[in-house]
Amino acid sequence: MEKRYLLGFDIGSSSVKASLVDADSGKCVASAFYPETEAPITAVKAGWAEQDPQMWWDNAKLSLKKIMQMSAAKADEIKAIGISYQMHGLVCVDKNHNVLRPAIIWCDSRAVPYGDKAFNALGAETCLTHILNSPGNFTAAKLAWVKENEPSVYDNIYKVMLPGDYIAMRLSGVANTTISGLSEGMFWDFKECKPAQFLLDYYGIDNSLLCDTVPTFSIHSKVSRLAAAETGLAEGTPITYRAGDQPNNALSLNVFNPGEIASTAGTSGVVYGVLGDVNYDPKSRVNTFAHVNHTDTQTRLGVLLCINGTGMLNAWIRRNIAPSGIGYAEMNQLAEKISIGSEGVSVIPFGNGAERVLENKETGCAIRGINFNKHGREHIIRAAQEGIVFSFCYGMEVMQQMGMNIKKIHAGKANMFLSDIFRNTLAGVSGATIELYDTDGSVGAAKGAGIGAGIYKDNNEAFATLEKLSVIEPDESRRAEYLRAYAEWKEHLEMLICK
């Protein structure tokens, strides 16, 4: 029987990962990432963050070469390619597809004034009802910055694209994108179901700079002869899926339908839920984009909550509060000695700058309620984890106000989801069941490619072999304790916000 493989790339800001999935068994047969140390991010000025797109391409080729060696797969056995990528970046190319300047990536903040000015000039109602967000610091605002500050670059732009679009172009020689991609850049008008001409007109941007759109699950393009020679892939291999990292993470966890939630809790924390109606938060505390399965006839929006300092707080606690030399598992064991609510100690985890969920207010991190006669470091360790969970739940209340009924949370068994305290507290406060899976972004991208190529008839077939590692049900007998601790934490937060 002929082998059938699916190739997935995950283009991150730290590294590029490639995975090869056996299309018939659904199992990942090889994965690799480059560089093995964190990729550089250039900051010419404070608040800037740039990367060379050529670096992504080089690392993609190295990762691909490694997994082909590991698996002994043949190039013609790869039946489809999928791409996940860091969201909101800006890549500018000329008519020969040459990059005109380093990519302005997701964490670059130079375009904030351009987004804010547009939001104020165009009006909140216009922006929110059409693009579902403030233009903020997203790709359109970054392009407006280039137009004003680097006119010689702007004048030579043939197409603007996201990081995943760029990799697809290098593979195929074809420049295109998806509605999901345009929406994350603030280029898509949900009310008109077409590119957001009103915002382009405000910035004076010609809509010819936007790539043509293709359905997320479809044949976007095929590997060119040039790319085949450069990568070892077979000419004509179809590229059939791409999505930003958070929509793709949701896909990787088989989150497609209204009310389903995907979450991650690494350096930052993300809760990403699917909404079945066009809606937005009037205060822009969460972001709303087209999900991977959004179409003109089926509304599927991804509502994104981001908490900046999730894993950063836990790492800070390990460096500065926990006993010297211990790891996160030992920290969890210390914290488990303390009861729900940390005996009155609470931690506000917003110590990594302004938080969108707080309407861009900067409260800083705060520790409250310490009694020198009874509290120790283990209380602070537990309170930090609880504070992170409570910040998630605070944002999930916004999502519920938008009409999302949160009953189940899907997550990978990694980072803070390895902690029983974190998982049980999240289930206890939210009332949602948590399901933990063994997957990652590059594997998800490969399976997305299988859907796009028609190898799988739908997401349920694609993810039928997704391995569920554990299920955490809310402990109803302790629900009142969790909710009481959350109420006390929220009262403290709201006092800080009102200052």
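How many cavities of 30 Å³ or more does a search of the whole structure find? There are two, and we'll visit both. Keep in mind that you're looking at a predicted model.

**Stop 1: the largest cavity.** Select Val160, Met161, Leu162, Leu182 and Phe187. Of the 13 residues that line the largest cavity, these lie nearest its centre. The space has a volume of about 90 Å³. Now colour strand E8 (159-161) and helix H7 (179-184): these are the elements that each give two or more residues to the lining. Sorted by class, that lining has eight nonpolar, four polar and one charged residues.

**Stop 2: the second largest cavity.** Next, pick out Phe9, Trp57, Ala60, Lys61, Leu64, Leu171, Thr231 and Leu233, which line a cavity of about 30 Å³. Show helix H1 (residues 53-71) too, as the largest share of this lining, four residues, comes from there. By class you'll find six nonpolar, one polar and one charged residues.

**Stop 3: a covered strand.** Jump to strand E17 (residues 287-290). Asn287 and Phe289 sit on one side, Thr288 and Ala290 on the other, and all are buried. To spot a bridge pair, select alanine 290 and its partner in E18, leucine 301.

**Stop 4: threonine 433.** Finish in strand E22 (residues 433-438), where threonine 433 is found. Is threonine 433 buried or exposed? It counts as buried, because its relative accessibility is 13%, and the cut-off for buried is under 20%. Now show the side chain of glutamate 473: a polar contact of 2.7 Å joins it to the side chain of threonine 433. Threonine 433 also touches other residues, including Lys407, Ile409 and Val471.

Technical notes
Residues are numbered from 1 along each chain as its sequence is written. This is a predicted model: local features need pLDDT of at least 70, side-chain atom pairs count only at pLDDT 80 or more; totals for chains, interfaces and linings use all residues. Side-chain values use heavy atoms; hydrogens and water are left out. Buried means under 20% relative accessible area, exposed over 50%, partly exposed in between (1.4 Å probe, protein chains only). Two strands pair if DSSP finds at least two bridges between them. A polar contact is a pair of N or O atoms within 3.5 Å; within protein, one must be able to donate a hydrogen and the other to accept it, and residues adjacent in sequence count only if both atoms are side-chain atoms. Contact means heavy atoms within 4.5 Å. On a 1 Å grid over the protein atoms alone, a cavity is a set of points where a 1.4 Å probe fits but cannot get out, and a pocket is an open set with protein on both sides within 12 Å along at least five of seven lines; lining residues have an atom within 4 Å of a point. Grid points are joined across faces, edges and corners, and a volume is the space filled by probe spheres set on the points. Ala, Val, Leu, Ile, Met, Phe, Trp, Tyr, Cys and Pro count as nonpolar, Asp, Glu, Lys and Arg as charged, and the others, Gly among them, as polar. Lists of a residue's contacts leave out its neighbours within four places in sequence.
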